[in-house]
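This report walks through one part of a protein chain after another, for a reader who is new to it. Please look over the sequence and the model before reading on.

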Amino acid sequence: MNVKNNTYDGDGKMDIEKLLLDMKKLGERVSALKDSIATEEATKTSLVMPFFQLLGYDVFNPLEFSPEYIADVGIKKGEKVDYAILNNGNPIILVEAKSIKEDLKNHDSQLFRYFGTTTAKFGILTNGNEYRFYTDLEEPNKMDKTPFFSFILTEIKDVQISEIFKFQKENFDVENISKAASDLKYLNFVKEFLTKEVNDPSEEFVKFILGEIYDGIKTKVIIDKFTPVIKRGFRQFIADQVNSKLNAALNTSVSVEEVDSESMIEEETEEKIITTEAEIEAFTTTKLLLKDTIDTSRIFYRDNKSYFNIMVDNSIRKWVLRLYINNSRTFFVINDEEKTTIEIVDVIDIYNYADKIIPIVERYI
């Protein structure tokens, strides 16, 4: 099953892009159907089987995609896993499916039991929206307690598609996936750890940083004093990295003056307008959070005397948010019905409001 499909291009790019499009469409299907799906069987039929069809498996061929696969566990006979993907009659992937209504927490025990009784190298636990991929990195033939890869279809990200792509029928290669699984698993652990510490630094982490930058005694008072400084330092560091490495890649397009009839809407004085680093940082942050929603080349900014405007298609009628920075406060207004105002500390905090900004942009797609 590790033979490549000759219709793929040299690096698989075209097929990855198609898979991304297909997965996003399936995510839309999940959103549309989830409230009307009441059972596990309905989840399997309407969501899980279509997912594996997109990966190229013949879900109606029991010699390839076997439902209710028997995986006897010790003296317990007749134990069945929901699906087994087979190669030459041998299971290579076990799939345990739950209802779309179910949280997958504490539902991996069945898959754990089945894993060691078959030749399968990978296990997938899903509720039709969330998918968790397991293998045996810690102990051979014993499924790890934590997945090495997971994603949510309704929140699928471009960077996750390359991993899903490896599980397509024509790309599936046990050795290649196993080699990548370890790095992927622990990379995710690192990202989770850093995300937690950046957002809410632990006392131990603050002590570690202080050990490098502060010579005095690390008392509780000192730790409490430096915790917000370290938190802000991390945010600023991330912002600097975004600005320096992603600004060019995101194909920044700017316009201080309106170039068509819309110019009369926001006419400013002839006083020279200076776009600040913080405003560029806000623009780059906004493009970054929108990269999975819209072609970022359609995102523009226009700097005005009183505020900084971010819009779609360089059209003031499609403005997304307006950023205001003065000596006393920093805030932005989003273009919803209420013209909601959101106070922030740093402009990179805009990234935390994707749930409010993305729906605005979706109106213009």
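How many residues does the hairpin that joins strand 9 to strand 10 pass through? The hairpin joins these two strands through four residues, and the sections below begin with the strands around it.

## Basis of the description

This is a predicted model, in which local features need pLDDT of at least 70 and side-chain atom pairs count only at pLDDT 80 or more, while totals for chains, interfaces and linings use all residues. Residues are numbered from 1 along each chain as its sequence is written, and side-chain values use heavy atoms, with hydrogens and water left out.

Helices (H or I, at least four residues) and strands (E, at least two) are DSSP runs numbered from the N terminus, and two strands are said to pair if DSSP finds at least two bridges between them. Strand 8 (residues 308–312) pairs with strand 9 in the antiparallel sense over four bridges, and Ile-310 stands opposite Leu-321 in strand 9. The hairpin of strand 8 and strand 9 has six residues between the strands, and in it Asp-313 takes a positive phi near 60 degrees.

Strand 9 (residues 319–325) is mostly covered, with five of its seven residues buried, where buried means under 20% relative accessible area, exposed over 50%, and partly exposed in between (1.4 Å probe, protein chains only). Strand 9 also pairs with strand 10 in the antiparallel sense, over five bridges, and Thr-330 in strand 10 is the bridge partner of Ile-325. Strand 10 (residues 330–334) is in turn joined to strand 11 by four bridges, the two running antiparallel, and Phe-331 stands opposite Glu-343 in strand 11.

In strand 11 (residues 341–344), Ile-342 and Ile-344 make up the covered face, whereas Thr-341 and Glu-343 make up the uncovered one. In a regular strand, side chains alternate between the two faces of the sheet.

## Nonpolar cores

A nonpolar core is a set of buried Ala, Val, Leu, Ile, Met, Phe, Trp, Tyr and Cys residues joined through side-chain atoms within 4.5 Å. The largest one has 39 residues, of which Phe-51, Phe-52, Ile-93 and Ile-164 touch the most other members. Apart from this core lies another, of 25 residues, which includes Ile-310, Leu-321, Ile-358 and Ile-360.

## The loop at Lys-169

Lys-169 lies in the loop between helix 4 (158–165) and helix 5 (174–199). Lys-169 is partly exposed, with a relative accessible area of 22%, and its C-alpha atom is separated by 9.6 Å from that of Gln-53, 116 residues apart along the chain.
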